[in-house]
Amino acid sequence: MKRILVILLVILGWNCSNEDAVDVSDVQTEVFIDTRDSIQYRCITVGNQMWMAENLRYKLVGGAFDGCWTWNEVLPVLDVDGLVELAESYVMDGKISWDLMDEIYGLATEDLTYKEIIDQLGDKLPKEFMTDFYKTNPDKKFLKDYGYLYDYESALKAVPEGWRLPTDEDWQLLEQNLGMSAHESAILNEWRGDKQGELLKQLGEGLNFGALLCGGKVYGSGNYTNVYTDKDLNAYFWTSTAYADTDSTRVAIVRGVGKYNTGVLRFTSRLENTAFSVRCVKDK
């Protein structure tokens, strides 16, 4: 009987909230300006971490072709003819040289794909040209309200200098600073905590982290590679913590908060054909 009591006390101790939690009323707020595109982000300091309190909205050159997605966005069809046609308009406007145009013509006759031509030309094609060629059709309202949904590799590339895509440990520290026990923060594939999700959803008061329920683009294959889901129900955030789940499959640990749950979901997601929101972090 005594042994059972000790076990129960240990379990209860593991699941108790963190007594060293940060007082939310002491959270500091400031603004970060991304010099790459002049977009401003509200930031909060929790413990010794500074977090962006808005979803990242930085666009890589190719937009969705580079893994920066908005809601229900589908890639347009690109081909070599379109690349040549755009190059012809650029050379006529004096935006690229005739020598570069000749290189494009030459590569276009070698039965290369447009990706292979771009790879061979390297940095010779100006950024403006690439932006015009990768002409996607993002949902502007979604982008303004929620930022981009990034695939894993684009999430790593899009982080501004001085910041990082948070690790799983960064998220666990944030959760513990908000009162979750260390034991509970390490549980995988479950909703954990009792109030931390509510704190993360707060906007304009309290923690002011502002986790908006914009859903995500989840794993799909075959004809179902662009599966957008859970808008207005859940928010999903990448961590940089990724590993090989099998010989052929890599996964990353992801965080989720939900409309109908007060805790925080910690789960794994396959990397391919998925896109989630990004919050950046740095040490204070």
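This is a predicted model: local features need pLDDT of at least 70, side-chain atom pairs count only at pLDDT 80 or more; totals for chains, interfaces and linings use all residues.

Colleague: What makes you say that the charged end of Lys-217 sits over the ring of Trp-69?
Modeller: A charge counts as sitting over a ring if NZ of Lys or CZ of Arg is within 6 Å of the ring centre and within 35 degrees of the ring normal. The charged end of Lys-217 is 4.2 Å from the centre of the Trp-69 ring and is placed over that ring. Arg-36 is described in this way too, with its charged end over the ring of Tyr-58 and 3.5 Å from the centre.

Colleague: Why is Thr-70 called buried?
Modeller: Buried means under 20% relative accessible area, exposed means over 50%, and partly exposed lies in between, with a 1.4 Å probe and protein chains only. Thr-70 has a relative accessible area of 0%, and therefore it counts as buried. This residue lies in the loop between strand S4 (68–69) and helix H2 (80–92), where helices (H or I, at least four residues) and strands (E, at least two) are DSSP runs numbered from the N terminus. Leaving out residues up to four places away in sequence, Thr-70 touches Pro-138, Asp-139, Phe-142, Leu-143, Tyr-148 and Tyr-228.

Colleague: What does the side chain of Thr-70 reach at 2.8 Å?
Modeller: The side chain of Thr-70 reaches the backbone nitrogen of Asp-139 at that distance. A polar contact is a pair of N or O atoms within 3.5 Å; within protein, one must be able to donate a hydrogen and the other to accept it, and residues adjacent in sequence count only if both atoms are side-chain atoms.

Colleague: Which side chain is joined to that of Asn-55 by a polar contact of 2.7 Å?
Modeller: The partner is the side chain of Arg-279. A polar atom of the Asn-55 side chain also lies 2.9 Å from the backbone oxygen of Tyr-146. Asn-55, found in the loop between S3 and S4, has 5% relative accessibility and so counts as buried.

Colleague: Why does Asn-208 count as buried?
Modeller: Its relative accessible area is 13%, so Asn-208 falls on the buried side of the limit. Asn-208 lies in the loop between helix H10 (196–201) and strand S7 (214–218), and a polar atom of its side chain is 2.5 Å from the backbone nitrogen of Gly-204. Among the residues that Asn-208 touches are Arg-42, Ile-44 and Ala-53.

Colleague: How do you know that strand S2 is largely enclosed by the rest of the structure?
Modeller: Six of the eight residues of S2 (residues 39–46) are buried, and therefore the strand is described as largely enclosed.

Colleague: What makes S1 and S2 a pair of strands?
Modeller: Two strands pair if DSSP finds at least two bridges between them. Strand S1 (residues 28–34) and S2 have seven bridges and are antiparallel, with Ile-33 facing Gln-40 as its bridge partner in S2. Four bridges join S2 to strand S3 (residues 49–52), again in an antiparallel arrangement, and Cys-43 stands opposite Met-52. In the hairpin of S2 and S3, with two residues between the strands, Gly-47 takes a positive phi near 65°.

Colleague: Which residues do ring pairs link into a cluster?
Modeller: The cluster consists of Tyr-152, Tyr-236, Trp-238, Phe-267 and Phe-276. Rings of Phe, Tyr and Trp (its six-membered ring) pair if their centres lie within 6.5 Å, and planes under 30 degrees apart count as stacked, over 60 as edge-to-face and the rest as tilted. The whole structure holds 18 aromatic pairs by this search.

Note on methods: Residues are numbered from 1 along each chain as its sequence is written. Side-chain values use heavy atoms; hydrogens and water are left out. Contact means heavy atoms within 4.5 Å.
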